[in-house]
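The tour below moves from one selection to the next and says what is to be found at each stop.

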Amino acid sequence: MRVLVNEIEISEQDIAAETQNHPSESFAEAREEAARALAIRELLVQEAGRLGFVPERQALGEGKWETDEDSLIRQLLEQEVETPQADEAACRRYYDNNQGRFRSPDLYEAAHIFFPADPEDADARKEAEVQAKAMIETLHGRPDRFAELARSYSACTSSQNGGSLGQVARGHTVPEFETFLDNLEEGQLCPVPVPTRYGMHVVRLDHRRAGSQLPYEHVKDRIAAYLNAQVWNRAVAQYIRILAGRHRIEGIDLGGVSTPLVQ
């Protein structure tokens with residue numbers, strides 16, 4: 001079915017080009033999201049024209065400027081969508097109810113010996129596992145040889161530092177690696193190879209420092225920006241739903257949009 005916004009058709013070529021910006025579980029879902037995004041943009045541009053707006057492009061920094069369409073949409077939403085700003089009480093309440101989100105990250109000091117293996121290559125994975133197990137067995141008898149063996153066998157640039165990864169914050173390594181670090185005691189060599197998407201690792205945790213709670217004063221501006229963005233997103237989505245109800249939209253449903261698909 002064709003996608004129409006009043007008398008303007010959203011071309012298949014434009015939808016195909018936009019689809020790459022909407023990753024989804026299936027091509028059909030990605031195409032639908034792309035068509036919806038383009039229909040919303042067309043609807044807003046048409047409404048901006050109806051209300052008499054003309055492009056007044058603003059600088060975006062680094063020599064970049066808004067497009068004419070973006071300028072029209074920005075002006076329209078600035079005029080038509082009004083939202084309250086988060087006050088001190090709302091920010092404080094959000095902080096008190098979500099303190100787990102406002103902690104400095106856990107820090108690890110760890111070392112590893114890395115044997116690379118493509119996750120799609122079963123033979124390479126098996127060989128890397130065999131090598132890692134042999135290395136662990138050696139280190140059980142001679143833990144003092146970790147740095148020496150890392151320099152000789154690890155396929156990671158950290159080998160130059162005896163396998164030391166230095167200080168690593170939570171989220172800076174792959175989740176499967178961090179899961180094993182979480183379950184090691186300081187100074188402990190992991191008794192089994194650690195599998196990741198990159199290969200097999202022989203891992204030793206040297207030190208762990210738990211993150212600490214960030215004071216409210218350090219994060220209140222971030223909280224206010226987040227709350228304001230949430231309120232604005234909901235208000236824009238509601239405006240789009242109301243606007244869609246006043247116009248002829250064919251081939252795509254804009255009534256269920258929950259977040260704005262415009263920049």
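This is a predicted model: local features need pLDDT of at least 70, side-chain atom pairs count only at pLDDT 80 or more; totals for chains, interfaces and linings use all residues.

Strand β8 covers residues 199-209, and three bridges join β7 to β8, the two strands running antiparallel. Colouring the neighbouring strands as well brings out an open sheet of four strands, in the order β6-β5-β8-β7 and with antiparallel pairing. At its edges stand β6 (164-169) and β7 (194-196), each of which has a single partner strand, so that one side of each is left without a neighbour in the sheet. If you look along the sheet from strand to strand, the twist averages 45 degrees from one to the next.

Helix α5, residues 122-141, lies across β5 (107-116), β7 and β8, and its direction makes about 45 degrees with that of β8. Helix α6, residues 146-153, lies across β5 and β8, and here the angle of about 45 degrees is to β5.

How are α5 and α6 oriented to each other? They pack at an angle of about 155 degrees, with their axes 10 Å apart, and because an angle over 145 degrees counts as roughly antiparallel, α5 and α6 are described as roughly antiparallel to each other. The crossing in which α5 passes α6 is right-handed. To see the contact itself, show the side chains of Met135, Thr138 and Leu139 on α5, together with Phe146, Leu149 and Tyr153 on α6. Of the residues in this contact, five are nonpolar, one is polar and none is charged.

On the α4 side, display Glu88, Ala90, Cys91, Arg92, Tyr94 and Tyr95, which meet Tyr216, Val219, Lys220, Ile223, Ala224, Tyr226 and Leu227 of α8. The residues of this contact divide into ten nonpolar and three charged, with no polar ones.

Then turn to the other sheet on this tour. It is an open sheet of three strands in the order β2-β1-β9, again with antiparallel pairing. Its edges are β2 (8-10) and β9 (249-250), and since each has a single partner strand, one side of each is left without a neighbour in the sheet. Strand β1 (residues 3-5) pairs with β2 over three bridges in the antiparallel sense, and selecting Val3 shows that this residue stands opposite Ile10 in β2. Helix α2 (residues 27-50) packs on this sheet, where it touches β1, β2 and β9 and runs at about 15 degrees to β1.

Finally, zoom out to the whole protein chain, whose secondary structure comes to eight helices and nine strands. Its radius of gyration is 27 Å, well over the 18 Å that the globule rule gives for 263 residues, so the chain is more spread out than a compact globule. Taken along the principal axes, the C-alpha atoms fill a box of roughly 80 × 50 × 35 Å.

Note on methods: Residues are numbered from 1 along each chain as its sequence is written. Side-chain values use heavy atoms; hydrogens and water are left out. Axes are lines fitted to C-alpha atoms, for helices over the stretch in contact, and angles run from 0 to 180 degrees between N-to-C directions. Angles under 35 degrees count as roughly parallel, over 145 as roughly antiparallel, 65 to 115 as roughly perpendicular and the rest as oblique. A crossing is left-handed if the near helix is turned anticlockwise from the far one by less than a right angle, and right-handed if clockwise. Contact means heavy atoms within 4.5 Å. Ala, Val, Leu, Ile, Met, Phe, Trp, Tyr, Cys and Pro count as nonpolar, Asp, Glu, Lys and Arg as charged, and the others, Gly among them, as polar. Two strands pair if DSSP finds at least two bridges between them. The radius of gyration is taken over C-alpha atoms; the globule rule is 2.2 Å times the number of residues to the power 0.38.
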